[in-house]
Amino acid sequence: MKLTVKVSSSRKNTQPAGLTVQTYLASLPSDVRSAVRKLREAIRAAAPGAVESISYGIPAFKLDGQRLVYCAGWKSHTSLYPITAGVRRAFAGELDGYKTSKGTIRFPLTKQPSSTFVRRFVKARVAEVRGKDNA
């Protein structure tokens, strides 16, 4: 039996009871699962002290008790959250060709970001979380 994860459109931090990162990954198609795993590996490489859990029904990383980044897999893309104003400015040229919204970057499955890009993005978020001005 395959677990289907539905993310509520409400802003409440709710998820199915017992949802773990592993059950989340198991619910994804294999190509999406592979892409999300690569995102998670790059996130952990850039922020080895971050703690991973499920929040809002998707994998989330916290650093020093604060939200760092979220990642998710969808039918035809993966996403990283949040893209803050500072990160958007720092990566403006590199975001060309990717759909972005106020707080999200969407990477088509056919055009996934490099691990280097994800690590740099996460390091910029680490600097923001820790209050550094060099983000």
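These legends walk through several close-up views of one predicted model.

The model is predicted, so local features need pLDDT of at least 70 and side-chain atom pairs count only at pLDDT 80 or more, while totals for chains, interfaces and linings use all residues. Residues are numbered from 1 along each chain as its sequence is written, and side-chain values use heavy atoms, with hydrogens and water left out.

**View 1**
Helices (H or I, at least four residues) and strands (E, at least two) are DSSP runs, numbered from the N terminus. Of the 135 residues, 41% are buried, where buried means under 20% relative accessible area, exposed over 50%, and partly exposed in between (1.4 Å probe, protein chains only). A contact means heavy atoms within 4.5 Å. Among contacts between residues at least 6 apart in sequence, 54% join residues at least 24 apart.

The score is pLDDT, the predictor's confidence in each residue, from 0 to 100. Its mean over the chain is 87, and 84% of the residues reach 70 or more. Take care with residues 1–14, where pLDDT stays under 50. For this stretch the model has 21 contacts beyond four places in sequence.

**View 1. Six strands form an open sheet.**
Their order is β1-β2-β3-β4-β6-β5, and the pairing is antiparallel. The edge strands are β1 and β5 (99–100), each of which pairs on one side only. Two strands pair if DSSP finds at least two bridges between them. Strands of a sheet pair through backbone hydrogen bonds, either parallel or antiparallel. Look for β5 beside β6 (residues 105–108): two bridges join these antiparallel strands, and Thr 100 stands opposite Ile 105.

**View 2. Helix α2 lies across β1, β2, β3 and β4.**
Helix α2 runs at about 160 degrees to β3; axes are lines fitted to C-alpha atoms, for helices over the stretch in contact, and angles run from 0 to 180 degrees between N-to-C directions. The buried residues of α2 include Val 32, Val 36, Leu 39 and Ile 43. Seen down the axis of α2, its buried residues fall within an arc of 165 degrees, so they line one face of the helix. That arc is taken from the directions from the helix axis to the C-beta atoms. On the other side, Ser 30, Lys 38 and Ala 45 are exposed.

**View 3. Arg 40 sits in helix α2.**
Is Arg 40 buried or exposed? Arg 40 counts as buried because its relative accessibility is 7%. Leaving aside neighbours within four places in sequence, Arg 40 is in contact with Val 21, Gln 22, Leu 25, Glu 52, Phe 61 and Cys 71.

**View 4. Helix α4 lies across β2, β3, β4 and β6.**
Helix α4 runs at about 150 degrees to β3. Among its buried residues are Phe 117, Phe 121, Val 122 and Arg 125. What covers the buried residues of α4 includes α2, β2, β3, β4, α3 and β6. Just after α4, find Gly 131, which takes a positive phi of about 80 degrees.
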